[in-house]
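Suppose a student has just opened a structure for the first time and would like to know how to read it.

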Amino acid sequence: MFDQDPGEDAWLERCAAELDLIDEADVLLGEEPTVSDGEFALWTAQLEGLHVPSDTELVEAAATLPVSPGIVARLATVDPASLDDDTRISLCVAWSRVRNYADGMLGRTVAAQVAATECVGGPTDVVRIEAERLTAAEVASALRLGTGAADSLVFVADTLARRLAMTAAAVEAGDVTWGKAATLAHATALLDTPKARAVEAKVLPAAANRTPAQHGDACRRWVDRIDPASADERRRQRQSDIRLIATHHGSGMGQLFAVMPSEHLDIVWSAADLSARREKEAGDPRTLDELRVAALVAWAEAFLREQEPHRHGRAAHQRIVWDLTSLLGVTSHCGELLDSGATIPPEAMRDNLTRGLRLRRMLIAPDTGELVDITRTSWLLAAADGTGELPPADLHVTLETWLHAALTVGDLTDLTIEQRRVVRAVCIALAGAPAALRAVIDALLAAPVTADDLDNAPDVYEPSTALAEFVALRDRHPTNPTAGPTSAAAADLDHVVAFGTGGRTVRNNLASVSRRWHLLKTHAGWSVVRSETGWTWTSPTGRTYTTQPYDYRLGP
């Protein structure tokens with residue numbers, strides 16, 4: 001990185017030796033050493049007469065030398081504003097190397113936890129939970145990682161400890177990023193250890209000087225060069241990598257990412273492209289990319305409309321959440337897609353209304369945002385164009401219980417001045433709304449509150465369809481630690497207190513839990529209790545984590 005004269009190598013070695021003296025004194029970042037008087041006197045004697053590097057010298061050394069606790073401690077005292085431009089860039093390099101070092105230390109610790117953890121169940125047991133998965137649950141909860149991120153951390157840490165020691169050393173020295181180490185670990189996952197180490201020997205020497213993309217390409221190429229005979233088998237085993245991933249970016253936009261065999265990818269792309277070009281030739285003004293996406297959306301809408309798949313006994317329509325005040329134009333909040341949590345701008349929400357929707361009412365607790373009731377039925381708002389064809393979408397209209405009481409029975413007790421203004425504005429907006437919309441809103445406001453009826457069969461193991469749907473909507477996402485914003489309806493409906501030990505099938509004793517966490521609770525020493533409105537999970541190590549139902553006022 002820097003042009004060095006012949007004397008610089010010796011100087012760098014001397015700096016390293018001097019900084020090692022600090023390491024030996026156990027000086028850690030942000031901490032003062034605790035030593036006896038005798039140790040302190042010895043340490044002082046060792047430092048006498050030594051050259052103390054300047055900030056510039058320190059930074060240049062830290063940008064090239066292996067990272068040590070002493071280097072970290074000294075770097076923490078450097079003020080970036082006091083450096084010249086070139087040295088500040090070197091400081092960026094130095095701190096990047098420290099980050100690699102910290103990731104390496106974290107990986108070493110995680111690998112040690114895997115080694116110290118015993119799996120649950122034996123090889124022939126119906127339920128067997130490996131040490132890696134047990135460790136991932138603990139680490140994910142403590143570090144607030146998602147399941148996928150925790151699994152990857154545990155896998156890479158364990159792989160570096162057992163198979164790729166040179167890569168682990170390079171990360172801990174600060175030379176190689178954790179991301180590049182993970183790329184190598186995943187690329188060689190299906191190779192035996194000798195072949196994995198052969199790939200490591202080829203790609204590691206140049207890893208520090210490659211971009212992540214270049215490093216990934218090198219890993220893939222060397223895997224196929226070193227073990228070409230197993231390429232077909234690796235492809236078969238990679239079938240488990242097939243997935244469809246939705247990512248929402250906000251402002252009503254998102255991305256769909258698919259991993260699939262190349263021949264399937266070619267079919268999907270060709271069909272979407274041919275459809276787009278046909279529509280373009282017919283005069284559609286949209287771009288080819290817009291039309292390709294439209295082709296996929298058209299298939300999805302047709303499937304939902306024609307096949308009418310069901311979830312919890314109800315048609316699995318797209319579900320959108322929007323508050324009543326925004327629906328009437330009193331406020332202008334974004335709507336949300338229920339399963340993903342992606343937001344839809346107000347103008348786009350009003351466009352959805354013109355295409356026709358089915359409306360349901362959701363009552364929300366004002367203090368917690370928790371769902372307390374949802375209507376059993378829905379009311380049809382026809383499309384403005386009069387076609388009579390509805391998109392497969394439901395609009396869940398939310399309002400807090402105080403607003404519902406004010407609008408239905410005129411109860412203004414204890415309302416604030418601002419709340420009374422909202423009530424007045426809603427009444428004015430409702431009076432001026434189109435007749436069809438006003439009739440639908442009047443009906444959903446007048447519908448009875450029936451949530452208590454859901455608990456009418458507490459001694460039956462299987463919850464009713466209505467109870468299962470209510471719990472999924474109340475939780476919105478799985479309630480276990482580390483759960484991502486996935487649909488609670490796709491999770492397991494679990495009795496918090498097991499039905500076999502006296503637990504009842506009622507709202508307060510049911511929660512949406514992902515299958516992995518259901519197994520951890522049942523077989524691996526995790527426990528959960530209801531705590532106020534949420535749930536407190538306790539791990540086998542005694543750590544506790546509290547989760548809550550979804551807050552429909554503010555989000556998760």
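The dialogue below goes through some features of this predicted model.

Q: What is the mean pLDDT of the protein, and which elements have the lowest and the highest mean values?

A: Since this is a predicted model, a careful reader begins with pLDDT, the predictor's confidence in each residue. The mean pLDDT of the protein is 86, and 84% of its residues reach 70 or more. Among the elements, helix α1 (residues 6–24) has the lowest mean pLDDT, 49, whereas helix α8 (residues 165–173) has the highest, 97. Over residues 1–6 the pLDDT is below 50, and the model gives this stretch nine contacts beyond near neighbours in sequence. Residues 21–31 also stay under 50, and for them the model has 23 contacts beyond four places in sequence.

Q: How many helices and strands does the protein have, and what share of its residues is buried?

A: The secondary structure comes to 21 helices and 16 strands, and of the 556 residues in the protein, 39% are buried. Contacts can also be sorted by how far apart the partners lie in sequence: among those between residues at least 6 apart, 61% join residues at least 24 apart.

Q: Which residues of the largest nonpolar core touch the most other members?

A: The general idea comes before the case. In soluble globular proteins, nonpolar side chains tend to be buried together. Here the largest nonpolar core has 34 residues, of which L324, L327, L328, L359, L395 and I441 touch the most other members. Helix α19 (residues 435–446) supplies the largest share of this core, with five residues. Taking L327 as an example, and leaving aside its neighbours within four places in sequence, one finds it in contact with W322, L353, L359, L395, V397 and I441. There is also a second, separate core of 32 residues, which includes V156, A157, A182 and A187.

Q: At what angle do α7 and helix α9 pack, and which residues meet there?

A: Two helices that pack together can be described by the angle between their axes and by the separation of those axes. For α7 and helix α9 (residues 178–187) the angle is about 80 degrees, with the axes 9 Å apart, and this makes α7 roughly perpendicular to α9. From α7 the residues S152, L153, F155, V156, A157, T159 and L160 meet W178, A181, A182, A185 and H186 of α9. By class, this contact has nine nonpolar, three polar and no charged residues.

Q: Are α8 and α10 roughly parallel or roughly antiparallel to each other?

A: The angle is again the place to start. Helix α8 and helix α10 (residues 193–207) pack at about 25 degrees, with their axes 9 Å apart, and they are therefore roughly parallel to each other. On the α8 side the contact is made by A165, M166, T167 and A170, and on the α10 side by E200, A201 and L204. These residues divide into five nonpolar, one polar and one charged.

Q: What is the phi of R144 and of R476, and is each residue buried or exposed?

A: Most residues other than glycine have a negative phi, and most peptide bonds are trans. R144 has a positive phi of about 55 degrees although it is not a glycine, and it is placed in the loop between α6 (131–143) and α7 (147–162). R144 is exposed, with a relative accessible area of 62%, whereas R476 is buried, with a relative accessible area of 3%.

Q: Where is D551, and which residues is it in contact with?

A: D551 is in the segment after β16 (544–547), and at 12% relative accessibility it counts as buried. The C-alpha atoms of D551 and A365 are separated by 9.0 Å, with the two residues 186 apart along the chain. Leaving aside its neighbours within four places in sequence, D551 is in contact with T368 and G369.

Definitions and conventions: Residues are numbered from 1 along each chain as its sequence is written. Side-chain values use heavy atoms; hydrogens and water are left out. pLDDT is the predictor's confidence in each residue, from 0 to 100. Helices (H or I, at least four residues) and strands (E, at least two) are DSSP runs, numbered from the N terminus. Contact means heavy atoms within 4.5 Å. A nonpolar core is a set of buried Ala, Val, Leu, Ile, Met, Phe, Trp, Tyr and Cys residues joined through side-chain atoms within 4.5 Å. Buried means under 20% relative accessible area, exposed over 50%, partly exposed in between (1.4 Å probe, protein chains only). Axes are lines fitted to C-alpha atoms, for helices over the stretch in contact, and angles run from 0 to 180 degrees between N-to-C directions. Angles under 35 degrees count as roughly parallel, over 145 as roughly antiparallel, 65 to 115 as roughly perpendicular and the rest as oblique. Ala, Val, Leu, Ile, Met, Phe, Trp, Tyr, Cys and Pro count as nonpolar, Asp, Glu, Lys and Arg as charged, and the others, Gly among them, as polar.
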